[in-house]
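Hello,

Here is the structure I said I would pass on. Please open it and keep it in view while you read the notes below.

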Amino acid sequence: MVGDPVTAGPRRRVVGGRGLSAVLPGAPQLLAGRWGVGAAALLAWVGFLWLLVARWDRVWAGAGGPWDERLAVATVVLGLAGAWVWSWRDAGQPLAGRAVAVSQWDLAVRAFSRNRTAVAGLIVIGGLYALALVTPLVAPYDPLAQGDLMTERYVGLSAAHPLGTDQFARDVLSRLLYGARISLSIGFVAVAISVTIGTLLGAVAGYLGGLADTVIMRFVDMVISFPRLILLITIIALFQPSIFLITAVLGLTLWPSTARIVRGEVLSLREREFVQAAVALGYSKTRIIFKHLIPNALAPVIVAATLGIGNTIVLEAGLSFLGLGVQPPTPSWGTMVDAGRGVLLDAWWLSTFPGLAIVFTVLSFNLVGDGLRDALDPRLRS
Amino acid sequence: MTRYVVRRLLGAVPLVLGIATIIFFVVNAAPGDPTLYMMAPGMSSEVVEQLRVNYGLDQPVHVRYVKWVGAMLTGDFGYSFSYNRPVLDVLMDFLPNTLVLSACALGLAFLVGIVLGTIQAVKQYSGLDSALSVVLLFFYSMPSFWLALMLILTFSLMARNVWDWPIYFPASGITSTGHDFMGPWEQVADRARHLVLPTLSLALVLAAGIARYMRGSMLEVIRQDFVRTARAKGLPERTVVFKHALRNALIPVITLVGLYIPVLFSGTVFVEYIFAWPGMGRAIVEAITRRDYPLVMAASFFFATMVVLANLLADVLYAVVDPRIRYE
């Protein structure tokens with residue numbers, strides 16, 4: 001896994017040194033051309049600082065409020081501290097010329113950071129998750145609070161309501177921000193479930209072969225040839241739709257594709273010398289699977305998982321759109337698109353903006369997924 | 001070749017049976033009794049019990065499973081609760097509409113995808129290539145149900161009511177209300193007009209994926225020696241691209257047929273729901289909300305079987321087109 005020692009990093013790590021990094025963390029790195037990490041740190045610093053100043057009253061109240069507000073305050077504080085400390089320490093590092101061992105992962109990180117669109121996608125995703133965490137501090141209104149039903153229904157874009165209001169005179173922007181939390185967390189948790197199960201079963205099927213392989217892979221074939229949406233709506237509609245059920249069902253129906261990928265990788269790894277050596281050394285099957293096979297089969301899984309989060313977000317929105325997902329009044333992007341379906345002509349903003357939010361989120365995940373695929377495949381590295 | 005096809009068909013049989021088993025047990029694990037949805041106020045418990053006996057719900061699950069699979073093998077999918085007709089008749093009403101929509105969408109998607117992907121590959125790294133990449137990725141990331149709503153908003157509602165465009169497209173159904181009084185050509189035109197928006201909502205998302213794949217496939221072929229040879233012997237670029245490169249680049253794209261059929265069917269569920277298109281996708285959503293279990297089971301089984309068949313077709317096509325594939 002360890003390559004030749006080579007000179008690490010670009011010629012100049014930072015411009016402006018520690019002085020600049022103390023005032024504007026990220027700026028020294030950005031000026032030195034390391035724009036990915038630089039922009040991330042700078043954006044985090046500026047964004048969280050603005051939040052701290054502009055929403056000081058809410059931050060103050062939130063520190064003693066319910067758990068999600070405390071989490072938001074903690075995110076702001078830790079984000080600020082993290083950006084500052086990282087930039088300060090990074091700016092203090094020796095300029096260049098350190099000879100270090102470079103692993104495959106280091107090479108992949110470098111290849112990835114050269115891909116500008118992918119890095120931009122990663123920054124957008126990071127920003128979205130950060131925004132989801134601090135939503136209680138940012139959202140202009142309570143997402144469930146209904147306004148005056150006589151005068152404030154279906155108000156178009158205005159200063160008071162930047163993205164208009166819906167049929168219950170609720171603020172669309174606030175609902176959009178709260179909806180992001182649902183979409184992003186369901187996407188992440190469902191894919192985490194599926195990756196765990198898929199990797200385990202795929203590795204077991206690939207390494208043990210025989211009956212285990214036949215049973216697992218025949219089941220995988222069956223689930224994969226099922227149109228996933230049909231399976232999902234059948235299961236969810238027959239039981240009672242809830243956020244937990246959707247997350248679980250999304251996770252439990254996605255793993256077969258991961259299992260197929262991992263099995264394929266493991267089948268080829270199994271014959272390689274390092275695995276043969278591990279067998280000859282008398283290592284247990286568990287140890288070989290967990291320590292030797294799975295870590296080496298992970299690259300395509302990471303790519304599939306990234307693209308899978310995007311897909312899962314679309315699916316969750318689709319289920320909510322059909323009324324089989326997140327139930328009202330909890331805001332979710334899918335239900336919001338559905339709410340605007342009957343009033344497209346009179347209140348076009350209701351369906352349009354949540355849909356755009358889905359598109360841009362999924363787009364970012366696809367960009368990062370594509371970038372990861374190129375970065376993790378040594379054949380594609382230039 | 002025939003042996004290969006027969007062997008694959010035989011291999012698909014246990015797969016389809018397994019799918020049927022999953023469907024049966026998922027539906028039967030659901031809480032609630034379908035007869036409760038047929039109850040009228042004031043029905044005595046004896047009548048409800050009689051209903052349960054009539055529908056065979058008093059028997060244990062494994063007995064029902066064997067009976068269901070046995071009946072299914074003879075083409076009997078049971079009786080739909082909500083339509084009060086045999087399930088097969090109900091599905092046969094909906095199936096043609098879904099097939100027309102899916103076929104149009106798939107055809108358009110492959111046409112647009114292959115053309116755009118080829119253009120991108122031939123003009124690699126040009127402004128056109130990057131512009132198309134961005135646009136395609138945008139559509140690739142788009143949920144078809146949202147695209148459908150945006151198309152309705154633009155080409156149906158706004159075009160008709162606000163902008164007064166000479167052409168606008170209907171937003172629901174497969175025919176206009178006056179369809180029966182039209183001449184034969186007008187009927188065809190009317191149906192075609194109703195097909196436009198649903199087809200586009202399905203096809204554009206798929207086309208974006210196909211184009212991305214096609215671009216990669218074409219780039220790989222263009223780099224190969226036989227293409228360089230074709231150029232070196234002085235063939236015009238058109239001949240090189242269309243006769244030598246394109247034909248070979250299309251081979252891996254065939255696998256996408258099998259891969260995209262499930263995606264397409266998932267899409268039809270939304271699109272049929274939005275456009276009130278009387279097809280299988282809308283039927284299954286309605287059947288689920290009405291707890292019409294026989295219809296749910298039969299419709300999911302149909303969808304799954306079509307996916308299995310599509311995959312099989314893609315594999316066989318691949319073997320036919322590419323002589324390098326060994327099918328023994």
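Predicted model: local features only at pLDDT ≥ 70, side-chain atom pairs only at ≥ 80, totals over all residues.

The predictor gives the complex an ipTM of 0.85 and a pTM of 0.87. For chain B, the mean pLDDT is 85, and 98% of the residues reach 70 or more. Within chain B, confidence is lowest in helix α2 (residues 45–54), with a mean of 81, and highest in helix α4 (residues 87–122), at 92.

Chain A

Chain A contains 15 helices and two strands. Its C-alpha trace spans about 80 × 60 × 40 Å along the principal axes. The chain has 382 residues, and 47% of them count as buried. If you take the contacts in chain A between residues at least 6 apart in sequence, 70% join residues at least 24 apart.

One helix to look at is α5(A), residues 67–91. It has 25 residues and reaches 35 Å from its first C-alpha to its last, close to the 36 Å expected at 1.5 Å a residue. Among the buried residues of α5(A) are A:Val73, A:Val76, A:Trp84 and A:Asp90. What do the buried residues of α5(A) pack against? They pack against α1 (17–23), α2 (27–31), α3 (35–54), α4 (56–62) and α7 (116–138) of chain A.

Chain B

The secondary structure of chain B is eleven helices and zero strands. The C-alpha atoms of chain B fill a box of roughly 85 × 60 × 35 Å along the principal axes. Of its 328 residues, 36% count as buried. Among contacts in chain B between residues at least 6 apart in sequence, 71% join residues at least 24 apart.

Where the chains meet

Between the chains, 33 residues of chain A are in contact with 38 residues of chain B. On the chain A side, the elements that give two or more residues are α9 (210–224), α10 (228–238), α13 (285–321) and α15 (349–376). The largest share, eight residues, comes from α10(A). Sorted by class, the side of chain A that touches chain B has 22 nonpolar, seven polar and four charged residues.

From α9(A), the contact uses A:Arg218, A:Asp221 and A:Met222; from α1(B), it uses B:Leu15, B:Gly18, B:Ile19 and B:Ile22. The residues of this contact divide into four nonpolar, one polar and two charged.

Regards

Technical notes
Residues numbered from 1 in each chain as written. Chains lettered and ligands numbered in written order. Contact = placed C-beta atoms within 7 Å. Helix = DSSP H or I, 4+ residues; strand = E, 2+ residues; numbered from the N terminus. Nonpolar A, V, L, I, M, F, W, Y, C, P; charged D, E, K, R; others polar. Buried ≥ 20, exposed ≤ 12 C-beta atoms within 10 Å, placed from the backbone. pLDDT = per-residue confidence, 0-100. Expected span 1.5 Å × (residues − 1).
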